[in-house]
Amino acid sequence: MMADSGSNEEVAVIGNTDITSTESESNIINTMVERETALLRKMEINVAEAEKRTGKNTVNMQETYTVYLIEIRKAHKQSQRPAETVPGVGAPAAPDTLWRRYSDFELLRTFLLVTYPYIIIPPLPEKRAEFQWHKLSADNLDPDFVERRRVGLENFLLRVASHPVLSNDKIFFFFLTEEKGWREAVLETGFQDKADSRLKSLSAMFRVKNPDKRFTAMKQYSDELNTVISQLLRVRARVADRLYGVYKVHGNYGRVFSEWSAIEKEMGDGLQSAGHHMDTYAASIDDILEEEEHYADQLKEYLFYTDAVRSVCKKHDLIQYELEMAAQDLVSKKQQREELATGTVRVFSLKGMTSKLFGTESQEQRESRLAALEQSIQEGEEALKEKNTECQEFVQMAWEDIERFKEQKDKDLREALISYAIMQISMCKKGIQVWSNAKECFNKM
Amino acid sequence: MSALFPAHLDLEEEEDLEVFSKKTSLTDGGPNSPSSMMNQYRLEAEEEEEEKEEKELFVTVDHPESHVTAIETFITYRVLTKTTRSDFDCSEFEVRRRYQDFLWLRSRLEENHPTLIVHPLPEKFVMKGMVERFNEDFIETRRRALQRFLSKISEHPLLSCSPHLKIFLTTQDLQSHKKQAPGFLTRVGETVRAVAHSVRGVRSRPEEFTLMQEYVEQFSSKISSVDKVTQRIIREQREYVDEMKQYSPPYSQWGGMEEALQLPLQEVAGCVQRCSTETQLQLQHLSTVLLPALHEYMLCADTLKAVMRRRDNIQAEYEARREAMEKRGDQEGEEVQALQEKVEVCNSSLQVDWSRWRSSMRTDLKTALLSTAESNLQHYEKCLAVWETFLLSQREEGSEQKEEEAP
């Protein structure tokens, strides 16, 4: 509903800006999950509720924590909506449910990180609230924060469930279906050992001689993306803070106009009703900013994704480095063999030096050393071949996932920007409504 | 006597002196008696309501200029008068006036019409903050207020006939004319008498003036609240605009890093920037239209309080004289009768001017509030258009892409 602004210059009003049904759905679900995997063909996943629990933790202290209810339903075909029940058949079957807490999700994710180092693992919603504008609580038990986290956890599960590789993982399947015994099952996989090496790859300072340019570029991109999204989120929070202030101060007009109207005759009614509209205006900012938090959450998801991208690139560096080390090791061993065979010392070796100092060794000794070296070289060649294969496979799988990720990112972020525009439009329309009404009231003064 | 002489009275500041003399008649230069003049005023005021008379006196204040002398620096404004009135020698006058000259005019008007509501002048200087007298915004705000003042005076049925106004608008050398004002000592004596009467107080104030007093007190407090709220809104909005300015660059920067997302990100950066500009305009409107109007009426409230005090004093003086006379057993003398007439005339003139003021206040504040609502409305409409354009372009792109993908 556009108010008549009375200006000569026509303000361009373009078509229908009401939210279409797909856009509204994407506003509710954080991600456009379209890829149908075998898993999603079988089941619908929801994180339906959150509940507070208290219990004793590992150090026998009372703690309050939140658990989330995961609901699994048999998937319906597109044409069959749950609401359309076939007459004669009873209500749709109750979902399978289980409760998980945040630390369970964390364990799952760590498992996936270690088991699929070439995959960009979807991030979890933040553990602690960051980038908040000050009116929002930073308290983990605050209901709004819990609600947003619930949505984030559901999003995480859907991301994993729609991933061509991750959706087939058994541990993930058990996470969704076996409440008890899941933690033991995870630990039994022995992924902890690999976890240590992963930590090493992330923190180690090593230099790769021939870095893969694509991965270098990707790592740089993800670092830059991390910086720019962080900055954007920070500024957005500050802007939200200020906007909140502007709207809320207008609420004072409500009270003051009301008081003023009491002493006026002809002006009284107009002032009083204008005051009510000012109250409405001030109150409207709460919903507006709550909606904007969803937008911030969408950006945050990609902020956290950059860590996952970085970790894949680092893993590649490690494998590349190990490959180079293996190759170098083989080269040096071959050279040693050559020296031993021809008797020339080109490469410095301790054995070579000691033999120079203490006299040459016997023929027997030389032959046994040569045999050992041959063995070592053979093993080295096997290792190199394996490492090469590992590296090639890693590169192939990683790059495939990176391409998939890029496509997903472009699509999701474009949708996020669109939904942000829709939010701004909604805010403007509300503003137009309020000030048109206020104008009418002032006219009656 | 000396105890009654307020120590704080600064005789340099003309606007502080509440000077009135029983010798000066209510209207200067008119041959008619005060009461018949009053009737004329009432009639004219009513006529003004019914017909929109063409303005006979049109005054503008502009072209501020800085003057530097050995002693001081000050600003003068050009005061341009266009008139069709026969009592003016020409139809157009141009003079230069400084703030002090406006103060002089106003105090003369108040002096000669103690119970008329003379529109206030902008304050001498801004109390809060270090605002320089020669700051551009300050000068412009003051210029507008001075213009308002002269417009109000020249629209007023009685005040527009004041010879002082005519002198102000037409005389090139005002300074020498100002020196012809009543003497210093006369004014001191009159002030002392005024204070004496006000201490004594009014015996029986007519009901309508008590109600008026109550209204003025409350109006003053309410308008001051609205002014405060508006000032806070302006402060908050200013901070919001500052943050908004920092919000566009990250989008731009991000766009530079992307391929498929480059265009939408750059467009969002553009949208944010345009909205930021619009918000700045909205802010400016608040500062230049709403706030000055509210401020003006805050000053009016002070003027009204002063007018009520003066009316009370006139009544008090009459009552004192009459009492003194009754004690002496004299018959009602001419002096007391004159004072009684004075009270009646003052009361009627105030009544008429009061309803005129109420009506004018309503119009002025209604206009200012309407204008603000309109400005806010336009702000949101412009921002709406900005985002709708973006949305449309994205949807077009989306449907184009779908066409490309179709087999």
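Select A:Glu259 and B:Lys222 to begin. In this predicted model, the two residues form a salt bridge from chain A to chain B, with 3.4 Å between the closest N and O atoms. Seven salt bridges are counted between these two chains. The polar contacts between chain A and chain B come to 18 residue pairs, with both residues at pLDDT 80 or more.

Now colour the helices of chain A that take part. Helix 8 (213-261), helix 9 (268-342) and helix 11 (363-443) each supply at least two residues of the side of chain A that touches chain B. Helix 8 of chain A gives the most to that side, with 24 residues. By residue type, the side of chain A that touches chain B divides into 40 nonpolar, 13 polar and 15 charged residues.

Next, show both sides of the contact. Chain A brings 68 residues to the contact, and chain B brings 58 residues. Between them the two chains bury about 6200 Å², and 70% of this is on carbon and sulfur atoms. Pick out A:Arg242, A:Ile263 and A:Arg414: they supply 11% of the area that chain A buries against chain B, more than any other three residues.

Leave the contact and turn to salt bridges within a chain. Over all chains, the structure holds 52 salt bridges. Select A:Asp104 and A:Arg183, whose side chains meet in one of these, at 2.4 Å from N to O. This pair links distant parts of the chain, 79 residues apart: A:Asp104 lies in helix 3 (residues 102-115) of chain A and A:Arg183 in helix 6 (residues 182-188) of chain A. Is A:Asp104 buried or exposed? A:Asp104 is buried, as its relative accessible area is 8%. A:Arg183 has a relative accessible area of 37% and is partly exposed.

Move to helix 4 (residues 143-161) of chain A and select A:Glu147 and A:Arg150. Their side chains form a salt bridge, 2.8 Å from N to O. The two residues are three apart in the helix, so about one helical turn separates them. A:Glu147 is partly exposed at 38% relative accessibility, whereas A:Arg150 is buried at 16%.

In chain B, select B:Arg96 and B:Glu65, a salt bridge with 3.8 Å from N to O. Here strands are joined: B:Arg96 is in strand 3 (residues 92-98) of chain B and B:Glu65 is in strand 1 (residues 57-68) of chain B, 31 residues apart. B:Arg96 is partly exposed, with 29% relative accessible area, and B:Glu65 is also partly exposed, at 40%.

Back in chain A, select a group. A:Arg148, A:Arg236, A:Glu292, A:Glu293 and A:Asp297 are linked in a network of salt bridges.

The last stop is the cysteines. How many disulfides does the structure hold over all chains? The count is zero. A:Cys313 is buried, with 1% relative accessible area. Then select B:Cys275 and B:Cys383. B:Cys275 is in no disulfide, and its nearest cysteine sulfur, in B:Cys383, is 3.6 Å away. A disulfide would need the two sulfur atoms within 2.5 Å. B:Cys275 is buried, at 7% relative accessible area.

How values were computed. Residues are numbered from 1 along each chain as its sequence is written. Chains are lettered from A and ligands numbered from 1 in the order in which they are written. Side-chain values use heavy atoms; hydrogens and water are left out. Contact means heavy atoms within 4.5 Å. Buried area is the accessible area (1.4 Å probe) that two parts lose on being put together, summed over both. A salt bridge is a side-chain nitrogen of Lys or Arg within 4 Å of a carboxyl oxygen of Asp or Glu. A polar contact is a pair of N or O atoms within 3.5 Å; within protein, one must be able to donate a hydrogen and the other to accept it, and residues adjacent in sequence count only if both atoms are side-chain atoms. Helices (H or I, at least four residues) and strands (E, at least two) are DSSP runs, numbered from the N terminus. Ala, Val, Leu, Ile, Met, Phe, Trp, Tyr, Cys and Pro count as nonpolar, Asp, Glu, Lys and Arg as charged, and the others, Gly among them, as polar. Buried means under 20% relative accessible area, exposed over 50%, partly exposed in between (1.4 Å probe, protein chains only).
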